[in-house]
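Please open the model in your viewer and keep the selection tool at hand. We will go from stop to stop, with something to select each time.

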Amino acid sequence: MINVTKTYLPPLEEYTAYLQGIWDRTWITNYGPLVLELEEKLKAHLGVKHLFFVANGTIALQIAIKALELKGEVITTPFSYVATTSSIVWEGCKPTFVDIQQDTLCLDPQLVEQAITPRTSAILATHVYGNPCDVEAIEAIAQKHQLKVIYDAAHAFGVQYKGQSLLNFGDVSTLSFHATKLFHTGEGGQLLPMMMS
Ligand SMILES: Cc1ncc(COP(=O)(O)O)c(C=O)c1O
């Protein structure tokens with residue numbers, strides 16, 4: 001049997017050494033030292049300035065939509081995990097589906113531009129299977145039409161694009177650390193805002 005989503009688990013002794021520290025401190029939530037340490041290590045590893053852990057990749061998307069105060073229509077892809085679309089609906093916006101490119105399986109920027117209406121507030125694109133979206137074309141369209149850009153980067157942990165982290169594009173990128181992902185925390189996710197005030 002070839003298990004394509006077999007969860008990676010570290011050697012048990014390494015894990016229990018961490019548990020010993022947690023038991024000694026009796027501190028398992030609210031900015032515990034392990035979360036802060038992992039955030040710092042991931043910032044360095046991923047080459048990003050800001051990142052925050054949240055409960056999962058779906059919540060990361062919903063917080064991104066809320067934080068950017070999106071309203072009206074959000075142009076997105078039908079070829080993604082359901083959370084990409086459901087987060088738009090949960091946050092009271094309307095998803096507008098646009099087709100994908102054959103080679104990357106990511107949103108087709110030309111079709112994105114054609115789908116823009118006066119009610120469009122953002123583009124929510126997925127880097128499908130870690131293939132980068134056409135981030136330059138999407139950036140140009142977003143600037144021209146004053147739209148926000150969120151990248152669902154659940155599949156794009158550690159992906160480099162033209163010498164830098166793919167996570168440095170758009171207004172916000174989101175990661176999922178679900179057990180099926182390349183890097184995981186069992187359940188978990190991250191929000192990576194480009195700008196912080
Ligand atoms: C593209 C994509 N977006 C969002 C999610 C949602 O992440 P989570 O399961 O951590 O809520 C997933 C998870 O499978 C995903 O593959």
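Begin by selecting Thr26, which comes just after helix 1 and takes a positive phi of about 50°. The numbering you need for this counts residues from 1 along each chain, as its sequence is written. You are looking at a predicted model, in which local features need pLDDT of at least 70 and side-chain atom pairs count only at pLDDT 80 or more, while totals for chains, interfaces and linings use all residues.

Now extend the selection back to helix 1, residues 12-25. Helices here are DSSP runs of H or I with at least four residues, strands are runs of E with at least two, and both are numbered from the N terminus. The expected span of a helix is 1.5 Å times one less than its number of residues. For the 14 residues of helix 1 that gives 20 Å, and its end C-alpha atoms are 20 Å apart, which agrees.

Is helix 1 covered or hardly covered? Hardly covered: its count of buried residues is zero. (A residue is buried if 20 or more other C-beta atoms lie within 10 Å of its own, exposed if 12 or fewer, and partly exposed in between, with C-beta atoms placed from the backbone.)

Seven of them form an open sheet with mixed pairing, in the order 1-9-8-5-4-2-3. Strand 1 (52-54) and strand 3 (94-97) stand at the edges with a single partner strand each, so one side of each has no neighbour in the sheet. Two strands pair if DSSP finds at least two bridges between them.

Select strand 9, residues 189-193, beside strand 1: the two run antiparallel and are joined by three bridges. Val54 stands opposite Gly189 here. Strand 9 also pairs with strand 8 (residues 172-176) in the antiparallel sense, over five bridges, and Gly189 is the bridge partner of Ser176.

How many residues of strand 9 are buried? Five of the five, so the strand is largely enclosed by the rest of the structure. Gly189, Leu191 and Pro193 are on one side, with Gln190 and Leu192 on the other. Click on Leu192: it has 24 C-beta neighbours inside 10 Å and therefore counts as buried.

Move on to strand 4, residues 120-126, where six of the seven residues are buried. Strand 4 pairs with strand 2 (residues 73-76) in the parallel sense over four bridges, and Thr120 is the bridge partner of Glu73. Five bridges join strand 4 to strand 5 (residues 148-152), and these two run parallel as well. Ala125 stands opposite Tyr151 in that pair. Follow the chain from strand 4 through helix 6 (residues 135-145) to strand 5, and you trace a right-handed β-α-β crossover. (Right-handed means that, with the strands pointing away from the viewer, the path from the first strand over the helix to the second runs clockwise.)

Then select the ligand. Which of the 14 residues around the ligand come nearest? They are Gly57, Thr58, Tyr81, Ala154 and Ser176. (A residue is near a molecule if its C-beta atom, placed from the backbone, lies within 6 Å of it.) Helix 3 (57-67) and helix 4 (82-90) are the elements that give two or more residues to this shell.

For a last stop, select Asp108, in the loop between strand 3 and helix 5 (109-115). Asp108 has 19 other C-beta atoms within 10 Å, which means that it is partly exposed.
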